[in-house]
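These are my notes from an afternoon with one protein chain. I kept each entry to what I looked up.

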Amino acid sequence: MKYTIAVIPGDGIGPEVTNQAKKALDAVAEVYDHIFLYEEAQMGSCAIEATGNPLPEKTIEICKKADAILFGAIGDPKYDNDPSLRIRPEQGLLKLRKELDLFCNVNPVKAYDQLIKNSPLKREIIKGTDIVIFRELTSGIYFGKKEVSKDGKNAFDVCSYCEDEISRIAHLAFKAAQGRKKKVTLIDKSNVLETSKLWRKTVTEIAKQYKNVALEHMYADNAAMKLILKPKSFDVVLTDNLFGDIFSDEVSVISGSIGLLSSSSIGNNNALFAPVHGTFSEAKGKDIANPLASILSAAMLLEHLGLLEEADAIERAVEKSLDLNITTEDIKGKNKYAASTSKVGDFIADYILNQEDSNL
Ligand code: IPM
């Protein structure tokens with residue numbers, strides 16, 4: 001089959017890691033007889049430099065037409081250090097989410113046995129953890145009215161949600177839970193916030209349609225503690241845009257490295273796949289960044305296209321690279337040599353190509 005994949009390498013280490021994901025996809029294409037046509041598009045700091053716009057129209061066009069989008073990372077320290085710059089790279093990603101209505105961000109987090117030792121958390125706490133966070137992605141405080149007063153001494157960001165925005169992602173979370181451990185934890189601050197009260201009311205009503213799934217309620221402050229203290233007690237976590245952003249980074253420590261976590265952002269017509277990590281600018285161009293999150297996001301992309309066996313081939317290759325310690329600096333075992341970004345990518349691609357008869 002032929003598929004068009006929009007590729008947005010973005011900033012920082014984005015291009016390097018995305019290249020490794022493409023290597024894995026090329027290997028899959030060869031083994032399973034597919035054609036992946038890559039349409040490269042710009043977004044973020046590189047797009048600002050080239051066009052003045054963090055999300056050029058052309059990028060939106062390419063993404064809309066593609067079967068799926070593979071994205072790297074976005075941002076540049078230059079913008080972080082100068083708040084007077086009104087155009088920021090991140091605006092590109094936020095606008096793309098809105099334009100394509102990518103309302104549901106799915107962040108799976110597993111404790112990889114091979115990496116448990118890398119986590120600062122105790123083995124007995126994290127072993128066997130398997131959580132998936134459903135984060136609402138196109139509304140809430142990220143997209144509400146914002147303003148700064150003329151004298152710069154006052155600012156506000158409005159957080160608003162409507163019932164439909166909550167219910168469409170809630171249904172997806174409950175459906176996912178049905179195929180898992182049958183539990184949804186809604187994280188909110190309904191003891192304080194009106195939007196959270198609406199989340200609680202709407203989700204409680206929807207839960208009645210999913211009788212085999214248990215709904216648990218948890219305040220965000222308590223959840224911040226419980227996710228680390230008792231991660232195994234969670235299955236599907238459902239939450240709003242801002243809490244979801246924070247909790248997905250928090251739980252990344254369970255996997256042993258954020259360099260392994262990938263996520264999907266799903267809408268009714270489009271879907272984007274990307275690592276959870278950011279641009280890691282210090283590592284840019286050094287060939288040291290961990291490409292596994294990007295490679296695993298390519299696996300998620302294949303799954304989304306219905307290519308399950310192909311996705312599995314990538315996941316097996318990643319597991320193998322961990323077993324054999326062919327890994328980058330961030331997750332290498334003690335006294336082991338670290339492999340470069342491209343070496344890890346080459347290994348994954350070779351393993352996919354030779355999996356059938358491999359004795360590795
Ligand atoms: C993420 C990132 C983004 C967010 C930034 C880059 C705007 O942290 O995808 O989680 O806050 O949503």
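**Entry 1**

The model is predicted, so local features need pLDDT of at least 70 and side-chain atom pairs count only at pLDDT 80 or more, while totals for chains, interfaces and linings use all residues. Residues are numbered from 1 along each chain as its sequence is written.

I found Asp287 in the loop between strand 12 (271-275) and helix 11. Helices (H or I, at least four residues) and strands (E, at least two) are DSSP runs, numbered from the N terminus. Phi of Asp287 is near 60°, a positive value in a residue that is not glycine. Lys182 sits in the loop between helix 7 (163-178) and strand 8, and its phi is likewise positive, near 60°.

**Entry 2: the two domains**

I looked up how the protein is divided, and found domain 1 (1-102 + 267-360) and domain 2 (111-257). These bounds come from an automatic or database domain assignment. The C-alpha centres of the two domains lie 24 Å apart.

How many residues of each domain are in contact with the other? I noted 11 residues of domain 1 and 12 residues of domain 2; contact here means that the C-beta atoms of two residues, placed from the backbone, lie within 7 Å. On the domain 1 side, helix 5 and helix 12 (308-323) each supply at least two residues. Helix 5 gives the largest share of that side, 3 residues. By class, the side has 5 nonpolar, 1 polar and 5 charged residues. Ala, Val, Leu, Ile, Met, Phe, Trp, Tyr, Cys and Pro count as nonpolar, Asp, Glu, Lys and Arg as charged, and the others, Gly among them, as polar.

**Entry 3: the nonpolar core**

I next looked up the largest nonpolar core, which has 103 residues. Such a core is a set of buried Ala, Val, Leu, Ile, Met, Phe, Trp, Tyr and Cys residues joined through C-beta atoms within 7 Å. The residues with the most contacts inside this core are Ala24, Ile69, Phe273, Ala298 and Ile314. Helix 11 (residues 292-304) gives the most to the core, with 9 residues. Domain 1 and domain 2 both contribute residues, so the core lies between them.

I then listed the contacts of Ile69, leaving out residues up to four places away in sequence: Ala6, Ile8, Cys63, Asn270, Ala271, Leu272 and Phe273.

**Entry 4: the ligand**

Which residues surround the ligand? I wrote down Ile74, Gly75, Glu90, Leu93, Leu94 and Asp245, where a residue counts as near if its C-beta atom, placed from the backbone, lies within 6 Å of the molecule. Helix 5 (residues 90-99) provides the largest share of this shell, 3 residues. The shell has 3 nonpolar, 1 polar and 2 charged residues.

The arc is that of the directions from the helix axis to the C-beta atoms.

In helix 9, the buried residues are Ala220, Ala223 and Leu227. Their arc around the axis is only 40°, which puts them on the same side of helix 9. Asp221, Asn222, Met225 and Leu229 are exposed on the other side. The buried residues of helix 9 pack against strand 8, strand 9 (214-219) and helix 10.

**Entry 5: two buried residues**

Val109 is found in strand 4 and is buried, with 27 other C-beta atoms within 10 Å. Leaving out residues up to four places away in sequence, Val109 touches Thr129, Ile131, Val251, Ser252, Ile254, Ser255 and Leu261.

Glu310 is found in helix 12. Is Glu310 buried or exposed? I found Glu310 buried, with 23 other C-beta atoms within 10 Å.

Terms used
Buried ≥ 20, exposed ≤ 12 C-beta atoms within 10 Å, placed from the backbone.
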